[in-house]
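This briefing is for a reader who has not seen this structure before.

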Amino acid sequence: MDNLKSLLLKHRFVFIIYFILSFLIISKIIGAFSGVIFGYADTVHWSYNAYYFSKYLSFNGLYFDVDLNNNESFFPFGTVQAFQSWGLEKDFFNYLIYTWIGHSGFLKIYAFLSISFSFWGIYFLLQKHFSLTQSMVPALAGSFLGYYSILKYPYHYGFTIHHWTGLSLVLDFLIIYKLIVDQEININYFLLRIAFLFFSFGEDLTYVTSIGVLSILIHGLVIVSYSIFNTKKINIFLKPKWLVVSIFLFSLLVFTTYYLPIFMKIYFSIMDFSKEGFLQAFWWSNPIRLLIPIIPKLNILDLKYHLMIGDSSDSIGVFTLSSLILFSLFYCLFHINRRLFAILPLLLLACILLSYHPSEFPYLTKLPWFNYFRVSGRSSFAISIIFGMFGAFVHFENFFLTKWKKVLVIAFLIFLIWEVRTVYSHKNNTEIKLSNDNLEYFNSIKNLPGEAILDWPFCIFGADGDERLCPYFSNTGNQYSLRQFHHKKSIGQYFGRMHQTQKDIFLSKGWDKLFLMDSQSDPFFPKQSRCWNDQEWNQFLSFYNSYDFAGINLYSDILDDKCKEVFKKRFGEPIDKTNLHLSGELWLFRKK
């Protein structure tokens, strides 16, 4: 008890900052810790995998396995499911919660815990070597002040989660720091670094884990080179601590029994497709964004800002650095010392990430783990952490030595609070709260006899812009994730990447000709241009009657009143209706 009290007293200032920022992020970004994450387009990816795991994840006594080739989507033909938005750590925990109590707000709690773990993990890693305030700045950069990551919630939830990779970057820095400053190699740091690498395979594999892998490669080469060319004696500490060994062994167990088998299955499933079959869509972000402050009329959070600097940023907050990080960076430029050389490998990593252009200079794709790294700005979380490390070299206590410096510090803190509040107010509001009426509608589908439900119009889409099999994306992009509520198989699927051969089974049968979207209608609420003729109806009915569909889930708002009446005439009155936000009114027809 005394130790806890002593800990709280020693770090009370840090705890105050943590609780203030926690309050802001919960109130402005995450909201109530209840309800499944569901919404527009990409927002639906993150909760769906718990349902998928409940059906297709298995354990054979030695390791976990997941079925990636089934007709859960693309019914009845099926397809490879490897292109889902995996985050194996959150998917597994969410799957456990889902099988225990059903849908919950677990992913919201998990996001907050991830941010908190990043903050405290980085802070305590640095505490042994740096002061309280020096440790806190990198901790903030890797958590609450990592603006890009924060603003990715919930639309690109997977990029909000990077605690293991964030800790890995800091540990890479500490290993070099001890080597340069103390001339020491400590096995505990190496064991922890490998453990964090293993754990990081539970994060987004393309845009998060890959950066940690590159970092360990760069720092490994630096350590080997330094050991060869350094003339001073290096002390090697080979006595591991039991806690570190325990963490390492646990990470090895998790990696070998869960992450590695599933990762290899995903990897080889993807490698079965030729790279030429993917439509190329790239987003590049200009590194000049690093130096643009968050102030009125020069707001880097403005989506239109890319028109001025000639890039194609995928969202707001790309490469946005907090004023606290920028201050630390400029301070260190005028206070260079030997210890700063420890940050050079991380700066090399930053230069590689910032100079990468996915179409003009795609050199990172030469490394197999960067094969699908097509949005350069998604390295922003790492950039924030790397430049935040400069805060570990700023002697903040010196700013309290004179009265005028204290005034400046107070003014800066007020500005920083305003900055955080400004950023957090730009939350991407793509989340939809499902009503009881929505859930009752899905339950009606669930209770119908039949293996699948025929959504019309269905949506087969990969994030490459090809809308031939999903012209009504604004209304139907979240359609596939409805399976987690009604538990029926369906045709639709929205993958982050989709190979052209996957779509061929439906394109070859002419399904793209049945959508008939009116190009002159509202793009957010598009309409069908006309009712089907007899030939089109025959194609639809032949398919519907040939397979075990429980019924039709009709997005009725795409039809005019005349076409709606045709559906009623053929299938009878809908047995249930609901209004789903952004999708319009859904009608459920039972199969006769």
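A disulfide is a pair of cysteine sulfur atoms within 2.5 Å. The model is predicted, and a search of the whole structure finds two disulfides. With bonded cysteines counted along the chain, they follow the pattern 1-2, 3-4.

**Disulfide Cys-459 to Cys-470**

- The sulfur atoms of Cys-459 and Cys-470 are 2.1 Å apart, and the two residues form a disulfide.
- The torsion about the S-S bond of Cys-459 and Cys-470 is about -90 degrees, so this disulfide is left-handed.
- Cys-459 sits in the loop between strand 9 (452-456) and strand 10 (460-462), while Cys-470 sits in the loop between strand 10 and helix 18 (473-476), so the bond ties together parts that are 11 residues apart in sequence.
- Cys-459 is buried, with a relative accessible area of 2%.
- Cys-470 is also buried, and its relative accessible area is 0%.

**Disulfide Cys-531 to Cys-563**

- Cys-531 is joined to Cys-563 by a disulfide with an S to S distance of 2.0 Å.
- Here the torsion about the S-S bond is about -105 degrees, so the disulfide of Cys-531 and Cys-563 is left-handed.
- Cys-531 lies in the loop between helix 20 (500-507) and helix 21 (534-546), and Cys-563 lies in helix 22 (residues 561-571), so the pair ties together parts that are 32 residues apart in sequence.
- Cys-563 has 5% relative accessibility and counts as buried.

**Cysteines without a bond to each other**

- Cys-332 is in no disulfide, and the nearest cysteine sulfur, that of Cys-351, is 16 Å away.
- Cys-332 counts as buried, at 3% relative accessibility.
- For Cys-351, the closest cysteine sulfur is in Cys-332, and the 16 Å between them is too far for a bond.

**Helix 9 against helix 11**

- Two packed helices are described by the angle between their axes and the distance between the axes.
- The axes of helix 9 (residues 187-200) and helix 11 (residues 242-271) come within 9 Å and cross at roughly 25 degrees.
- That angle makes helix 9 roughly parallel to helix 11, because angles under 35 degrees count as roughly parallel.
- The crossing of helix 9 past helix 11 is left-handed.
- On the side of helix 9, the contact is made by Asn-188, Leu-191, Leu-192, Ile-194, Ala-195, Phe-198 and Phe-199.
- Among the residues they meet in helix 11 are Val-244, Ile-247, Phe-248, Ser-251, Leu-252, Phe-255 and Tyr-259.
- By class, the contact of helix 9 with helix 11 has 15 nonpolar, two polar and no charged residues.

- Helix 6 (residues 132-141) is mostly covered, with eight of its 10 residues buried.
- The buried residues of helix 6 are Gln-134, Ser-135, Met-136, Val-137, Pro-138, Ala-139, Leu-140 and Ala-141.
- These buried residues pack against helix 2, helix 5 (106-127), helix 13 (323-333) and helix 15 (380-388).

**Ser-22 in helix 2**

- Ser-22 is found in helix 2 (residues 12-30).
- Ser-22 is buried, with a relative accessible area of 5%.
- Leaving out residues up to four places away in sequence, Ser-22 touches Phe-112 and Phe-144.

Methods. Residues numbered from 1 in each chain as written. Predicted model: local features only at pLDDT ≥ 70, side-chain atom pairs only at ≥ 80, totals over all residues. Heavy atoms only, no water. Helix = DSSP H or I, 4+ residues; strand = E, 2+ residues; numbered from the N terminus. Buried < 20%, exposed > 50% of the residue type's maximum accessible area, 1.4 Å probe, protein only. Axes fitted to C-alpha atoms, helices over the stretch in contact; angles between N-to-C directions. Parallel < 35°, antiparallel > 145°, perpendicular 65-115°, else oblique. Left-handed = near helix turned anticlockwise from the far one by under 90°. Contact = heavy atoms within 4.5 Å. Nonpolar A, V, L, I, M, F, W, Y, C, P; charged D, E, K, R; others polar.
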